[in-house]
Amino acid sequence: MKSVIHHIIKKALFAKSLFIIITLLATIGSINAQSGYNIGQTVSDFQLKNIDGRMLSLSDNRNVKGYIVVFTCNHCPFSKAYDSRVVDLHNKFASKGYPVIAINPNDPNAYEEDSFANMRLTAPSKGFTFPYLQDETQEVAKAFGATRTPSCFVLKKEGDRFTVQYIGAIDDNSQDASAVNKKFVEDAVNNLLSGRPVMVNNTKAVGCAIKWKSF
């Protein structure tokens, strides 16, 4: 009887240790996913596949003053609510040197709607006239520190490098575009175009959690 009890205790201790290890690994993974660029830091260039099949990078367009980088996707209701506002940002600022680059970081195995094939199908109906890139390895999203869709990063070109000037939400109302009071991204770009520092440079992105791949 004592040997049976001893065996049960050993199994319980092992299970508890295993649970602690798994929890620690999950926490480390979460921390890694959430770490990323800070305001003023230089962004590493990347190459991602656009819906037209071409590989694109930040350095491809030498005439830009910066970029509005939006991590978004097809399935998320928050992303859908912001699609037209992202289009408006591109239409307003692309000609002024700050075009939009949209990036889908989601694991398509979690949501088939976020597959590359569906990105190609839905982009025209969304009115996307800017690049819509697939972050297949999710390394770009992790480098930026994006955790939700949509998440925005306003980049300013300084010489041959791009620095982060704004991180966060597009505006202060994810549900109703007509009820927006503060247009964070628009204000940030207008500040930069006027040669002024971005007054509000960090806000909390509101949206769906990015669907990370399980390795």
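Some ground rules: residues are numbered from 1 along each chain as its sequence is written, and side-chain values use heavy atoms, with hydrogens and water left out. Because the model is predicted, local features need pLDDT of at least 70 and side-chain atom pairs count only at pLDDT 80 or more, while totals for chains, interfaces and linings use all residues.

I start with helix 5, residues 184-193. Helices here are DSSP runs of H or I, at least four residues, and strands are runs of E, at least two, numbered from the N terminus. Seven of its ten residues are buried, so helix 5 is largely enclosed by the rest of the structure. Buried means under 20% relative accessible area, exposed over 50%, and partly exposed in between, with a 1.4 Å probe and protein chains only. Among the buried residues are Phe 184, Val 185 and Leu 192. The buried residues pack against strand 3, helix 2, strand 7 and strand 8, where contact means heavy atoms within 4.5 Å. After the helix comes Gly 195, with a positive phi near 80 degrees.

Helix 2, residues 77-93, holds Lys 80. Lys 80 is partly exposed, because its relative accessibility is 43%. Beyond four places in sequence, Lys 80 contacts Asn 74, His 75 and Glu 113.

Ser 57 sits in the loop between strands 2 and 3. At a relative accessible area of 10%, Ser 57 is buried. Excluding residues up to four places away in sequence, Ser 57 touches Asp 45, Phe 46, Gln 47 and Tyr 67.
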